[in-house]
Protein chains: 2
Amino acid sequence: MITQKLTATASADDARVREAVDGELRRFLARKKQGSRCSETAFFAEMIQQFLEGGKRLRPLFCSIGWSLGSPEAAPQAVHRLGAALELFHAFALIHDDIMDESPMRRGRPTVHRLLTADAPAALPEARRQRYGTNSAILVGDLALVWSGELLLDSLAGHVHAPAVLDLVSTMREELVAGQFRDLRATGSAGENVESVLETIRFKTATYTIDYPLRLGATLANAPASTVAACSDYAVPLGEAFQLRDDLLGLFGDPRRTGKSATDDLREGKATVLMSCALSSATPRQRRQLCALVGNETVDDEGVATVRRIVRETGAVAAVEQMILDRRDQALAVLECGAFPAQPRGALRELVFQVTDRFM
Amino acid sequence: MITQKLTATASADDARVREAVDGELRRFLARKKQGSRCSETAFFAEMIQQFLEGGKRLRPLFCSIGWSLGSPEAAPQAVHRLGAALELFHAFALIHDDIMDESPMRRGRPTVHRLLTADAPAALPEARRQRYGTNSAILVGDLALVWSGELLLDSLAGHVHAPAVLDLVSTMREELVAGQFRDLRATGSAGENVESVLETIRFKTATYTIDYPLRLGATLANAPASTVAACSDYAVPLGEAFQLRDDLLGLFGDPRRTGKSATDDLREGKATVLMSCALSSATPRQRRQLCALVGNETVDDEGVATVRRIVRETGAVAAVEQMILDRRDQALAVLECGAFPAQPRGALRELVFQVTDRFM
């Protein structure tokens with residue numbers, strides 16, 4: 001879905017990175033399918049392979065650009081393998097996230113737990129089939145995490161800067177899980193303040209989407225500390241903008257293009273910046289309406305339309321669009337400060353627009 | 001619970017290993033509590049620390065003995081750190097397993113998902129509170145897996161045999177997850193044949209409890225290939241015996257001593273060797289009764305008593321006890337074949353009895 005759009009505007013370099021990363025993933029999973037003495041492993045490898053199709057490969061792209069911030073040479077295979085490990089880590093995060101949110105759709109297809117529910121032994125009663133699907137999907141996510149670690153070590157084997165990269169990865173993993181937990185705690189408590197929601201998305205999405213991948217590539221290439229620090233100056237606001245755009249798409253996006261259901265965030269009562277802004281500017285009547293619909297598991301199309309209307313009327317959409325613009329400008333300004341070489345700077349500039357201007 | 005019994009009969013060596021491993025875990029988690037910029041991490045570190053209390057530390061013990069199969073020198077701190085990583089991996093496996101089985105008790109306390117359900121934001125309605133507990137526990141398990149990987153790398157830093165150890169760990173992780181999935185697939189389909197159930201427990205429990213820990217220690221000490229192979233000859237039957245004893249304890253054990261509910265396996269319709277034996281020798285009437293109770297989510301004390309009686313009457317208990325004895329003798333015979341040095345051989349002999357003779 002989103003891939004199509006990104007691919008269309010992406011440079012030939014981006015296409016090469018995607019191809020190299022997909023090759024790494026394909027080879028790794030093919031080896032897993034053949035190499036295990038346990039037939040269930042092959043089944044899981046196939047599930048994960050299918051899940052990986054349709055991903056944007058944003059993390060490997062940033063990782064590869066990160067490399068070129070520290071080295072004038074073309075990214076070696078190790079960088080693409082590291083990117084592939086990040087994609088498997090992302091798969092783990094999404095598969096478990098979809099279980100937690102009970103999401104039906106992802107990347108335009110049923111989520112892993114839904115696919116596995118459909119695959120449950122026919123003899124099981126319906127409630128048990130659902131548990132079977134959820135439980136199996138927990139395991140698919142676990143295996144994606146395990147394999148991501150394996151591929152990561154593979155990519156770093158014999159590399160002199162491996163310890164520094166591994167330190168960063170440890171913090172990235174830990175912050176993602178902790179961020180997810182922050183998010184769970186906030187879900188359902190509509191009216192969380194904007195700053196607190198921003199902090200959650202910083203841990204949960206913003207850093208592991210852009211900041212860590214970029215810094216990982218730069219660290220592997222032994223980029224100077226000042227460059228690595230500038231990576232964060234660029235990546236943290238851009239990662240926030242990415243998530244703010246995602247929140248807008250979550251409510252207003254076309255499911256045929258986002259690959260996700262438009263009611264997911266709403267049904268879950270997800271604490272988003274968009275909703276915080278809406279609630280803080282709502283009239284008492286609008287607030288009552290919103291509170292009745294946000295986190296309501298039976299919300300229907302009419303409910304969605306009402307929420308959309310109120311969110312627009314409160315000015316929250318305009319406010320979030322402004323926040324995205326502010327962050328976009330912050331990221332662009334960092335590119336002008338001279339911390340990065342010219343060639344990767346162009347790629348980073350292009351990605352600013354791709355990440356923040358995703359279609360509605 | 002089980003710790004008390006094991007500690008009472010354990011040698012001073014065992015106590016030293018436990019102490020060293022607990023020290024590693026304590027220090028690692030203390031660092032996690034202080035070091036993170038995300039307060040949720042400290043909360044999770046505390047959950048995991050509490051969960052780790054009451055564990056038998058069987059895996060670190062086997063890992064430490066594995067080391068002494070390859071080296072006459074006392075196990076260095078790296079071995080205990082590796083053992084601590086195995087305990088964290090075990091914690092991950094148990095926390096996710098308890099979610100999948102909806103188990104209420106573990107190690108004599110409420111399971112992690114139950115503890116977190118009780119900790120859910122008060123404003124949530126009951127069904128949401130349960131989901132909150134389950135979802136948070138998925139994250140606690142994820143973090144235990146992530147941290148286990150971090151501690152593992154820490155233990156191997158700079159070690160010449162690290163690559164061989166990492167290869168083994170990769171296979172161990174993968175087989176555990178695949179074995180869990182085999183188990184899920186078989187659950188509810190009473191009457192799985194004994195050989196098939198044995199294969200499942202080989203992947204799911206037997207190898208990662210004894211075989212891998214032992215081989216990991218031996219590999220780190222660069223033990224000869226013949227010794228590492230003999231490890232498996234000893235460990236695989238012993239691991240099976242361990243799980244067969246666990247199945248007996250699952251149905252007949254005293255929850256105050258096992259730390260687990262006696263109805264768990266039954267309610268779940270867990271495919272155990274014990275139940276396969278019972279079903280294959282049952283009269284048509286006994287079979288009908290068993291099938292009505294096994295996998296029945298509302299089974300009560302009376303139902304448990306009926307299952308216990310039938311399982312005894314079919315001769316399944318005696319058959320499984322005999323299987324345990326056969327495997328115990330197999331493991332003991334391997335100790336006599338001259339593959340192991342004298343001192344660790346004594347420890348391995350003692351553990352055969354600890355693992356197979358656990359109280360009912």
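Predicted model: local features only at pLDDT ≥ 70, side-chain atom pairs only at ≥ 80, totals over all residues.
1. Residues are numbered from 1 along each chain as written, chains are lettered from A, and side-chain values use heavy atoms without hydrogens or water.

2. How many cavities of 30 Å³ or more does the structure hold? There are twelve. A cavity is a set of points on a 1 Å grid over the protein atoms alone where a 1.4 Å probe fits but cannot get out; its volume is the space filled by probe spheres set on the points.

3. The largest cavity has about 810 Å³ of space. Its lining (residues with an atom within 4 Å of a point) counts 44 residues, and B:Leu94, B:Arg106, B:Gln243, B:Asp246 and B:Lys260 are the closest to the centre.

4. Which element gives the most to that lining? Helix H5 of chain B does, with seven residues; helices here are DSSP runs of H or I, at least four residues long, numbered from the N terminus.

5. By class, the largest cavity's lining has 18 charged residues (Asp, Glu, Lys and Arg), along with 13 nonpolar and 13 polar ones.

6. The second largest cavity holds about 150 Å³. Both chains meet its centre's surroundings: A:Gly149, A:Arg173, B:Leu145, B:Gly149 and B:Arg173 lie nearest, among 14 lining residues. H7(B) gives the most, with six residues.

Key. 1 Å grid on protein atoms, 1.4 Å probe; cavity = no way out; pocket = protein on both sides within 12 Å on 5 of 7 lines; lining within 4 Å. Helix = DSSP H or I, 4+ residues; strand = E, 2+ residues; numbered from the N terminus.
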